[in-house]
Amino acid sequence: MAPGSFVPARAQQLFRIGLSDWSEHWLMPQLLPGMMQEAPGVSLQSIAADPFQVRQLLEEERIDVAVSVNKQSRGEVVSEPVMTMGVTTLWSPQQIPCRGPLSVSDFVAWEHVMVAYRETGHGEIDRQLASQGLARRVRFATQNFSTFPLLLTTLPLFATVPQGLAQRWQAQYALRADAPPVAVSGIYAVHFAAQRRAQDPALNWLVTKLKQAMRGPITGPMPRHQASLCGGCSTRLLQS
């Protein structure tokens, strides 16, 4: 192998990828099958990384690359936007008698679980609801999505999750899905150290593979920019 070259079929290498738990669900089933065929000696290690940790992990060389929401490039760390993804609201029809489409009144009538990477307990959805003089009740906030399917199938709760998760969970756990009645989406990017990528053909190869996986098909309810006029739920008012 010539110096500075990378031959996937012959490579023996471990890459450390900064990912949130939901990004693993989204990307690994699309990334690993082809990689196992093309590069049988290449292994991946997922390092937990929320959007506020990515830059530090890269600067400290604790990860080789990351996938997260887009951030402004700064210094040596480059954020390269790849795609835009919306969100989908999920619930169990056994727990919430709602057929959709979700109206704003439906959305705030039932309790929610949500991911919050900082100790705020609210996010973009809550800011948009507040602009309409509304608020939702968040029963449980966490930094991980992994408990949501169990909670949704056993409790009357809504969970609004990235579309990369929604389709698989909807099918696996017999959940209903609809776009939330507020417009929310995020731009997702690959993050890396610019100088290292310029000098490392192996990292270039991995970044290309990650982009291909990120651009793979995502199906499910698309975001709406306006709430439906008539909700499909049997509305229940929250008790404070």
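Which residues in α1 meet which residues in α6? The legends below take up this contact and other close-up views of the predicted model.

**View 1. Contact of α1 with α6.** From α1, the residues Trp22, His25, Trp26 and Pro29 meet Gly164, Leu165, Arg168 and Trp169 of α6. Five of the residues in this contact are nonpolar, two are polar and one is charged.

**View 2. Crossing of the axes of α1 and α6.** Two packed helices are described by the angle between their axes and the distance between the axes. The axes of α1 and helix α6 (residues 163-173) cross at roughly 75° and come within 9 Å. Because angles of 65 to 115 degrees count as roughly perpendicular, α1 is roughly perpendicular to α6.

**View 3. The largest pocket and its lining.** The space in the largest pocket is about 950 Å³. Its lining is made by 37 residues, and Val69, Val115, Tyr117, Gly123 and Glu124 lie nearest the pocket centre. Two or more lining residues come from each of α1 (21-38), β3 (65-69), β4 (77-91), β5 (111-115), α4 (124-131), β7 (157-162) and β9 (185-193). By residue class, the lining has 20 nonpolar, eleven polar and six charged residues.

**View 4. The cis peptide bond of Gly100 and Pro101.** Gly100 and Pro101 are joined by a cis peptide bond, with omega about 0°. The loop between β4 and α3 (104-109) holds Pro101.

**View 5. Positive phi at Glu61.** Glu61 is not a glycine, yet its phi is positive, at about 55°. Glu61 is placed in the loop between α2 (54-59) and β3.

How values were computed:
Residues numbered from 1 in each chain as written. Predicted model: local features only at pLDDT ≥ 70, side-chain atom pairs only at ≥ 80, totals over all residues. Heavy atoms only, no water. 1 Å grid on protein atoms, 1.4 Å probe; cavity = no way out; pocket = protein on both sides within 12 Å on 5 of 7 lines; lining within 4 Å. Points joined across faces, edges and corners; volume = space filled by probe spheres on them. Helix = DSSP H or I, 4+ residues; strand = E, 2+ residues; numbered from the N terminus. Nonpolar A, V, L, I, M, F, W, Y, C, P; charged D, E, K, R; others polar. Axes fitted to C-alpha atoms, helices over the stretch in contact; angles between N-to-C directions. Parallel < 35°, antiparallel > 145°, perpendicular 65-115°, else oblique. Contact = heavy atoms within 4.5 Å.
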